[in-house]
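Here is a short briefing to read alongside your structure. Keep the viewer open and follow the points one topic at a time.

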Amino acid sequence: MNWDRSPGNVLSCPDAAFTKWVPEKWGVNAPWLQYKFLIFSVANSIAMSENENVVNSTIDNYSGRAQSFSNWAYGTEANKAALATNKFLAKLSELTSDSLSVVDLGCGPGRDLEVFKNSKSPRCTAIGVDACPELCEIARSKTGCEVMCAEFRDLEKFFKPNSIHGIFSLASLFHIPRSELSGLIEIMIQVLAPGGILLSSFPCGRDQDGNMSDGRWSNSMPLELHQQVLKSHGLEVIDVFHSKIYNGDWGVVISKKN
Ligand SMILES: C[S@@+](CC[C@H](N)C(=O)[O-])C[C@H]1O[C@@H](n2cnc3c(N)ncnc32)[C@H](O)[C@@H]1O
């Protein structure tokens with residue numbers, strides 16, 4: 001069911017239906033209880049639409065420059081990305097399996113998907129996930145890989161628990177607000193197989209979480225904080241390095257689900 005969560009349509013949300021239904025169903029005739037549920041529904045609805053605004057505004061930026069971003073990604077940035085893909089594949093190769101499943105989360109135009117697809121050791125099945133339709137289309141046509149046009153948090157809808165050997169997310173996770181990071185890490189942990197590997201990266205030059213002037217969200221986290229967040233979810237940090245991709249100083253961490 002596709003509920004419309006736009007602010008003007010609060011009463012069509014399931015939470016609002018719940019507001020009306022629960023007191024009647026329980027035979028509770030308490031207006032204050034209905035108010036409490038209504039306030040919860042409105043707050044929840046506002047939070048949902050704020051999240052959607054963050055994603056929409058970030059994705060609009062990439063949609064408007066998909067081809068030029070792709071040229072940049074496959075051009076000067078390819079060598080810089082190789083440091084991260086090589087280190088990720090080296091850690092993945094320690095897992096014993098004939099073919100390893102890898103999700104490139106926020107794959108953009110697919111440069112790294114192609115690397116995983118062509119990897120011989122280890123052999124990988126690579127799938128991309130990105131919310132920008134134009135970049136998904138470029139990624140599909142350049143790599144021939146399956147690419148899902150979806151948000152990060154939709155991961156759990158597509159992949160079974162414990163099914164993915166590696167999640168690679170280069171220069172992408174910083175586009176969600178810090179307040180949502182824990183929930184997303186839990187989703188990633190859920191789909192990762194035991195022993196599975198996560199590569200995450202954030203700009204690390206400052207400690208800042210907010211909108212950039214071009215409309216995109218940016219969560220910039222010092223490397224120490226980045227590692228603390230991963231460890232707080234029970235992930236084991238197995239490699240830490242810097243990347244200079246996309247004109248930034250990125251803290252990159254490879255962690256493992258034990
Ligand atoms: C800086 S690009 C990095 C792309 C690719 N990983 C690379 O290194 O070239 C960030 C990517 O994250 C995607 N993205 C941003 N927010 C997203 C979200 N909430 N869900 C899914 N993809 C998102 C964008 O569409 C974009 O392709």
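Predicted model: local features only at pLDDT ≥ 70, side-chain atom pairs only at ≥ 80, totals over all residues.

**Around serine 93**
- You will find serine 93 in the loop that runs between helix H4 and strand E1 (99-105).
- Once neighbours within four places in sequence are set aside, serine 93 is in contact with Ser121 and Pro122.
- Arginine 123 is 30 residues away from serine 93 in sequence, yet their C-alpha atoms are 8.6 Å apart in space.

- H4 covers residues 77-92, which makes 16 residues.
- From its first C-alpha to its last, H4 reaches 23 Å, close to the 22 Å expected at 1.5 Å a residue.
- At leucine 83, H4 bends by about 25 degrees.
- The buried residues of H4 are Glu77, Ala84, Thr85, Phe88, Leu89 and Leu92.

**Helix H6 and its buried side**
- H6 spans residues 133-143, and its buried residues include Leu135, Cys136, Ile138, Ala139 and Thr143.
- These residues sit on the same side of H6, because they cover an arc of only 160 degrees around the axis.

**The shell around the ligand**
- There are 22 residues around the ligand, and those that come nearest are Gly106, Gly108, Ala131, Cys132 and His175.
- By type, the shell holds 14 nonpolar, 5 polar and 3 charged residues.
- Helix H2 (residues 31-63) gives the most to this shell, with 4 residues.

**The protein as a whole**
- The protein has 9 helices and 9 strands.
- Of its 258 residues, 36% are buried.
- Taking contacts between residues at least 6 apart in sequence, 68% join residues at least 24 apart.

Notes: Residues numbered from 1 in each chain as written. Helix = DSSP H or I, 4+ residues; strand = E, 2+ residues; numbered from the N terminus. Expected span 1.5 Å × (residues − 1). Bend = angle between axes of the 7 residues up to and from the residue. Buried ≥ 20, exposed ≤ 12 C-beta atoms within 10 Å, placed from the backbone. Contact = placed C-beta atoms within 7 Å. Near = placed C-beta within 6 Å. Nonpolar A, V, L, I, M, F, W, Y, C, P; charged D, E, K, R; others polar. Arc of directions from axis to C-beta.
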